[in-house]
Amino acid sequence: MSDKGTYNNIEDLFRSELGNRDYPVREGFWASFEKKLRFREFLRFRPGSFNVYYLGAIVAAALVSASLLLSGNKDIKPASVPDIIIEKDTASVQQEKSVVEEDKQVTDKGSTDKKAVGEKTLTPEKKYDGQDTEPAGGKTGEEHKPGKAVVAKGSTRVEVIDKKDTIEKIALPPPVARFTADKSEGCLPLTVSFENLSHNYDSCIWEFGDGGRSYEENPVWVFDSEGSYEVNLILFGKGGSGVKTVETVTVYPRPVARFEISQDNPYIPDEEIRFYNYSQNAVEWEWDFGDGNTGSDFEPAHFYEKPGSYTVSLKAMSKHGCADSMVLTNAFGNNTCYIKFPNAFVPNDGGPTGGYYSSRSDQQEEVFHPVCSGVTSYNLRIYTRRGILVFESDDIQIGWDGYYKGQKAEPGVYIWKVRGVYKNGEPFVKGGDVTLLPRH
Amino acid sequence: MKSDREILEGCRRHERMAQKFLFERYSGMLMGICVRYATDYPEAEDILQESLLKIYLNIGDYSGEGSFIGWMRKIVINTAITYYHKTLKHKHYVEIGDLHTGEAGDGSFRDLRFTADELQKVLDELPPGYKVVFNLYAVEGYKHKEIAEMLDIDINTSKSQYSRAKSFLRKKLDNYK
């Protein structure tokens, strides 16, 4: 396009390329525009052309003559008025017929009062009075009001059908808007495929209610924020424009699944692991603790039989069935290294045991030993408060049984010191005190 | 093919054929203007429709002096400005932000060629307010004083928005190729 050359400045560039640019107008634009134009021309007063003012005058004249000539007679068929009038006329005449039936039903039920009022509404000028605000109808206005209340129940529906019939006779078939969506509700982000099942149209516009539009025939739309959206399909055709139909699509928010574990240790004797639930927008929870057990409490506590690394997952579901999940792989995993000591123990009275322990054998806490994970080398020393070394071990499986040189140590407070290296290479040095309790 | 004068006369009498001729002859040019001001295609169509209604319904007001095309263009531009004002409050107002507002030297386009589509694309990246000011000043050739009156803004706002729009476009175009 721009082989005309080069430009010295940005103004020249844009002016010459865009200033007189032709941009093709969508096909079908004129057809729909023309209808609007005709309508607007119709609303404007111009001498010499048919418009709403002339129509008003004709209607007024028709009213006057109709009321003079045909009081009580329902078969009005003026031949000389333009077709719009005919349309209105037949519509209202048929409507009146239905009014009669309606009224008769009403009166059958009882009140003669109502019959009197209903009959009044049959005179044509009062019917017109409802549709066009003409001075001719003014005088009957007051009597008219109570009648309307009776008529209103059944007549509106009939009117719509009548008018449609009349229009179909004089014009091309109007577009019929219909579409289906593969889902009407769902979880965020919601992808919906729409299928256009309309007839008698040339072009269509989809308005998705979230500000988005599409001119495609069968669009696929992603709703990316929660809410209820009115999806409009608007049709343009030779037989009519702006025909539309609406469907609602509801997008539910997705919950957020989040949890934390009370501690990084899966196995401390007699201690449950607590799971703290920070999920949002959820009403139902499914826990999988990774050891074959599941749960559905909001914040469950779980007891692991064995130490190990478990994969814990939480699925959170909202009240609309939208789900989110969080998985904690190796929840107490290999990468967590720690060493902890109890602050008291009760040696057995039966003599030295050698200090060898296992998680299962030491349920009585007869041996002072650490709870740990990921420890590769280790040295534990225990001193009296005066600084005398009473126990030393380089084997993590051997703790202090509470005996010193074959004799049970005095109950009281002892100092422990541990040093070693975790398997990730990180050295550790810790110290503390432990109370040796006498057995009762 | 009818002459412009015949079409104009026909439109004055609201003849359908003349109206259609006018549409066929000029809608592309007018749509070109709409597209430049609108933020998207449906909006451009809205502006075109409003403008055409004004043109057809008020064609009697065209005095016959001055260019008829100029008269129509002016109606489209005014409609676009009205539309911009009307939609302004529904939209997030975007500032260009911390751009270097200094004037880059003119002449850097000597070796560059852009298609109208490319320019339009770059123009569409401007925030709506800047886009209107740039269109009015650079493309339509209005003075800042006139733009300030049309948009009901301060003359300095018009100048600064224009200058920022310009450097924004320059930067975009420099990066384009």
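In this predicted model, strands β7(A) and β8 (residues 240–252) of chain A run antiparallel and are joined by eleven bridges. A hairpin of two residues leads from β7(A) to β8(A). One of the paired positions is A:Tyr229, whose bridge partner in β8(A) is A:Val249.

Strand β7 (residues 227–237) of chain A also pairs with strand β4 (residues 203–207) of chain A; these two run antiparallel and share five bridges. Here A:Glu207 has A:Asn232 of β7(A) as its bridge partner. As a general principle, strands of a sheet pair through backbone hydrogen bonds, in either a parallel or an antiparallel manner.

A further sheet of chain A is open and has three strands in the order β9-β10-β13, with antiparallel pairing. Its edge strands are β9 (259–261) and β13 (301–302), each of which pairs on one side only. Strand β9(A) is joined to strand β10 (residues 273–277) of chain A by three bridges, and A:Phe259 has A:Asn277 in β10(A) as its bridge partner.

| Strand pair | Direction | Bridges |
|---|---|---|
| β7(A) and β8(A) | antiparallel | eleven bridges |
| β4(A) and β7(A) | antiparallel | five bridges |
| β9(A) and β10(A) | antiparallel | three bridges |

The model also contains a contact between chains, to which chain B contributes 35 residues and chain A contributes 31 residues. On the side of chain B that touches chain A, the elements giving two or more residues are α2 (16–37), α3 (41–57), α5 (116–124), α6 (128–139) and α8 (155–176) of chain B. Of these, α2(B) gives the most, with nine residues. The residues on this side of chain B comprise 18 nonpolar, eight polar and nine charged.

Note on methods: Residues numbered from 1 in each chain as written. Chains lettered and ligands numbered in written order. Predicted model: local features only at pLDDT ≥ 70, side-chain atom pairs only at ≥ 80, totals over all residues. Pairing = 2+ DSSP bridges. Helix = DSSP H or I, 4+ residues; strand = E, 2+ residues; numbered from the N terminus. Contact = placed C-beta atoms within 7 Å. Nonpolar A, V, L, I, M, F, W, Y, C, P; charged D, E, K, R; others polar.
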